[in-house]
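Subject: Handing over the structure

Dear colleague,

I am passing this structure on to you, and my notes follow below it. Please keep it open while you read, so that you can look up each part as it comes.

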Amino acid sequence: MFKSIELQQVYKNFTERELFAGLDINFKVGDIHGLIGKSGSGKSTIVNMICGFDFPDSGKVLIDGKIAEAQDFKMLRTCTAYVPQNVNIIGSGKVRETIQSSFEFKTNKAKRPNNEQILMVIKNLGLDESILESEFKSTSGGEKQRIAIVIATLLDKQIMIFDEPSSGLDDRSKAIVAAYISNLRDKIIIISTHDIVLKEICTSITDLEQK
Amino acid sequence: MNGYDISWTSLFIGSLILLVPIYVFYYFKTGLVKDTLIAFGRMIIQLMLVGLYLEVIFEIDSPLINLTWVLVMIVAASLTVSKRSDLKLKFIFVPILAGIATNVVINGCVYGFAVIGTEHIFEARYLIPIMGMIIGNTLNAAIIGIRTYFNQINSEYEKLKYDLLCGASLHEALMKFNTGAYREAFNPVIASTAVIGLIWLPGMMTGQILSGSNPMTAIKYQVIIIITIFAGSVITIFTTLALSKKFAFDEYDNLKTEIFNKK
């Protein structure tokens, strides 16, 4: 069980522009940590560094206080659920197939949800159960966003990363998603957002425009 | 052999039909004219050399020399597939070499133990034409399969990362790209295999019949050649893609973007 992920004195340049200079962040169990900043401020780069998809030019990424190596990142990924900014990539075929496809991976097979569990999460996120038989590609942006959250929720991992989870959502759906995330317990939750509703549920915030 | 021989003049006149594709490629500015001329020039020179070689080699018939020739074919084929794959040679050559070599070894065993017999398999008149057919006819599917695989990974890399973050192992995350590669490489082969004998007659069989062989003998050879080429193509792609993981991904399971040739 992971207790913390830490960025320590991280420096990173991106296309000859200084993105971070001595960035320190500590993501802890029980926190809902908001990464706030406009587009290009480095929110996705931080998410990529936490997951081992990108690396600091200098500085450290620590997992449970230990400098993270390749195996640690791989282990961390198996304990992560991720809602990407571009939700179009997550599915093909029917929505039900999109949801079930993540449970075909060996590490998730034991968590394969039954129909009742899927329906409960779908309803909690304000979706109609008929959406399960719709083609994923034909659903709206807001519906895709919530389907991605449905998958992350059903995966029930210890680390949950939401990359702009409110994009494409109306005010009512935003409120549903915000209430939903704020009820998650005993997890490391990271939200990359610039949305005021989601900012309010964060227990700690890193404002990247002030770094 | 009592077949009708072709004169050099007839061969030259018949080959002039190549002017049609060259004109079409030129007219539509495909950029393929130079490659076509080089490819067909190489093909003619290489086949003539093989003809000369085979005449000599049939006389000598040394297994060591025959195997060396097969090795040269494997290396040349690996270089060809590597160059056409849009990937840098230093990353992809070894997996492709291993893929083609595995194909040759396995199919060599099939011919040695089941078709030709172990006492004949290293003879020049069997080893070189059979391995030439198998290696040469594997190239197309291998190029399509490998290119499709890496191009799809590159264009859908966000999806691959998403799957890794949903708990997939690299092997599991790459599964859909394997599926795409096999479909792209083998759909046309399966379709054309289904109509052999109905719409077209394969070149080798036609050549054998024209040169005087019994049609049923030619057909039996053709059947086993088509089956082994098909299986060999799958073996080549399977081995290459399985090994390419080590070369194309780093210890963090991240794709090395430097594997792609700049376009």
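In chain A, helix H5 (residues 141-155) lies across strands S6 and S7, and its direction makes an angle of about 175 degrees with that of S6(A). Helices (H or I, at least four residues) and strands (E, at least two) are DSSP runs, numbered from the N terminus, while angles run from 0 to 180 degrees between N-to-C directions, with axes as lines fitted to C-alpha atoms, for helices over the stretch in contact. Two residues are in contact if their C-beta atoms, placed from the backbone, lie within 7 Å.

Before going further, please note that this is a predicted model, in which local features need pLDDT of at least 70 and side-chain atom pairs count only at pLDDT 80 or more, whereas totals for chains, interfaces and linings use all residues. Residues are numbered from 1 along each chain as its sequence is written, and chains are lettered from A and ligands numbered from 1 in the order in which they are written.

S6 and S7 belong to an open sheet of five strands in chain A, whose order is S6-S7-S8-S3-S9 and whose pairing is parallel; two strands pair if DSSP finds at least two bridges between them. Strands S6 (80-83) and S9 (204-207) of chain A each have a single partner strand and stand at the edges, so one side of each is left without a neighbour in the sheet. S6(A) is joined by four bridges to S7 (residues 159-163) of chain A, and in S7(A) the residue that partners A:Thr80 is A:Ile159.

Turning to chain B, helix H5 (residues 89-115) and helix H6 (residues 124-155) pack at an angle of about 140 degrees, with their axes 11 Å apart. H5(B) and H6(B) are therefore oblique to each other, given that angles under 35 degrees count as roughly parallel, over 145 as roughly antiparallel, 65 to 115 as roughly perpendicular and the rest as oblique.

Where do the two chains meet? In total, 15 residues of chain B are in contact with 21 residues of chain A, and helix H7 (residues 157-165) of chain B gives the largest share of chain B's side, six residues.

As for confidence, the model scores ipTM 0.92 and pTM 0.85. Chain B has a mean pLDDT (the predictor's confidence in each residue, from 0 to 100) of 91, and 98% of its residues reach 70 or more.

With best wishes
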